[in-house]
Amino acid sequence: MACQESPARGFDGAFRDLYEQYKDRVYNVCYRTTGNAADALDASQETFGILFRKVSAFRFESKFSSWVYRIAVNASIDLKRRSAARPAASLDRLRSPSENGATIDFKDEHVEGPEAAASRHELQAEIQEAITRLSPKMRAITVLRYNESLSYEEIAEALGTSLGTVKSRLSRAHAALDRELTPVLDRHNLR
Amino acid sequence: MNRQSIRDAMIESLAGVTECHAAEGVHIDHDTDGLELLPQTVREHLVENEALHQEWRQLLRQVRAISTLQRVPAPSDLDGRVVASLQAGYRQGRVTEHVQALPSERAPHELDLLVRRLASQPFMEAAADLGDLKAPASLDRLVAVRLSAETSARKPNGLPRTSRLLAAAALLVATSLGLVRLLGDRDAGIANEGLEVALFSFRVVRIEDPTLADSELLGLLGGMSGGMLDGREGSQ
């Protein structure tokens, strides 16, 4: 891929294709891992910066998508680590994506009515908050498995770890989710 | 099967929930207990063991909830930011190439005298006395080019690059001040340790070979630069 030679001419060709192909996946992983739109935007930008700088060195020893996920997860975790050292973030950063400036297409909103839609918005924000309370590694594995539907093998590649570690980490993530998510689901009477 | 392997099998089977979700949209039938997702052997254990069955229901409930979170599409701002960062990266690459092509600058002889004089002064006085030497014109030009090229580009944290460069310059000054103190304590002998120090209006600290530099000095530089100058990434 001749990505290194032409960035000054604009954002065309291989760069543009790569970006278009991965931007939603990258942003989604960053959003779910960081828990807010502002950090997700920063982490996504960082991800593509790294991706474009290093793409010519990619040796196809793993799936390309796993490599992209790996960069996105690491960028998100690094960003959260850095921001943890800064003063506490505003509570607004934990609002739902739509309140954060991102848009979500709730396809069935028009049939479920405004109250139900509002309730679902609230529930989804609380689910996201519960995920955000997990440790960064558990958060990443939860997002890759259940939002991006990656197999264990793909997750192992993306996180640079073994299958056994994926299994044990996912098991621990479920134990943590049990603590964080069950009260939310109980409150909303969800079975 | 022991309890852990049954739990592992249950968790692995949860992938079926997200596949169903992808196929059916947001409306999933939450009334079923999803036993059909499990391998037959695991299902048999669950029929016999209510605690395991309950654990499965809890896992299923978690994943059904998480699966309702739809993919958040990238906002349009991302396009502009990626383009800007790509172009800034390209300019930065050109500057780096330019820097690498520059001949190595030797520290002027009077620097040794200055360092020895500063090292014997209290820290604050030394700090006030550091403006004596001017940077070589080539360095001034290089930094001016770099600043003008990158003023508009922004990093992920939103700070203009000029602010980050100023912070880096401050770091170098601080590093040099620390170095002066350290050299004062150690009383010279630095040339044999692979270290060159140039105190200009920009403070340039160059370690040609980190393996030859004093470990105490590397520790000092590493501490001041948050690991950036600690030699782990080779010569700085």
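Modeller: What follows sets each label against the value behind it.

Biologist: What makes this a model to be read with its confidence scores alongside?

Modeller: This is a predicted model. Its overall scores are ipTM 0.77 and pTM 0.61. For chain A the mean pLDDT is 81, with 79% of residues at 70 or more. For chain B the mean is 65, and 35% of the residues score at least 70.

Biologist: How many helices and strands does chain A have, and how many does chain B have?

Modeller: Chain A has 8 helices and 0 strands. Chain B has 10 helices and 2 strands. From the N terminus of chain B, the order is α-α-α-α-α-α-α-α-α-β-β-α.

Biologist: Why are α1(B) and α4(B) called roughly parallel?

Modeller: The axes of helix α1 (residues 3-13) of chain B and helix α4 (residues 50-67) of chain B cross at roughly 30° and come within 10 Å. Angles under 35 degrees count as roughly parallel, and therefore α1(B) and α4(B) are roughly parallel to each other. Their crossing is right-handed.

Biologist: Which residues make that contact?

Modeller: From α1(B) they are Ile6(B), Arg7(B), Met10(B) and Ile11(B); from α4(B) they are Leu52(B), Glu55(B), Trp56(B) and Leu59(B).

Biologist: Why does Gly34(B) count as buried?

Modeller: A residue is buried if 20 or more other C-beta atoms lie within 10 Å of its own. Gly34(B) has 22 C-beta neighbours inside 10 Å, so Gly34(B) counts as buried.

Biologist: Where is Gly34(B) found, and what does Gly34(B) touch?

Modeller: Gly34(B) is in the loop between α2 (15-24) and α3 (40-48) of chain B. Leaving out residues up to four places away in sequence, Gly34(B) touches Val17(B) and Leu60(B). Val17(B) is 17 residues away along the chain, and the C-alpha atoms of Gly34(B) and Val17(B) are separated by 8.3 Å.

Biologist: How many residues of each chain count as buried, as a percentage?

Modeller: In chain A, 36% of the 191 residues are buried. In chain B, 22% of the 236 residues are.

Biologist: Which residues touch the most other members of the largest nonpolar core?

Modeller: That core has 61 residues, and those touching the most other members are Tyr27(A), Cys30(A), Val68(A), Ala72(A), Ile141(A) and Leu144(A). Beyond its neighbours within four places in sequence, Ala72(A) is in contact with Val26(A), Val29(A), Cys30(A), Ala43(A) and Thr47(A). In soluble globular proteins, nonpolar side chains tend to be buried together.

Definitions and conventions: Residues are numbered from 1 along each chain as its sequence is written. Chains are lettered from A and ligands numbered from 1 in the order in which they are written. This is a predicted model: local features need pLDDT of at least 70, side-chain atom pairs count only at pLDDT 80 or more; totals for chains, interfaces and linings use all residues. pLDDT is the predictor's confidence in each residue, from 0 to 100. Helices (H or I, at least four residues) and strands (E, at least two) are DSSP runs, numbered from the N terminus. A residue is buried if 20 or more other C-beta atoms lie within 10 Å of its own, exposed if 12 or fewer, and partly exposed in between; C-beta atoms are placed from the backbone. A nonpolar core is a set of buried Ala, Val, Leu, Ile, Met, Phe, Trp, Tyr and Cys residues joined through C-beta atoms within 7 Å. Two residues are in contact if their C-beta atoms, placed from the backbone, lie within 7 Å. Axes are lines fitted to C-alpha atoms, for helices over the stretch in contact, and angles run from 0 to 180 degrees between N-to-C directions. Angles under 35 degrees count as roughly parallel, over 145 as roughly antiparallel, 65 to 115 as roughly perpendicular and the rest as oblique. A crossing is left-handed if the near helix is turned anticlockwise from the far one by less than a right angle, and right-handed if clockwise.
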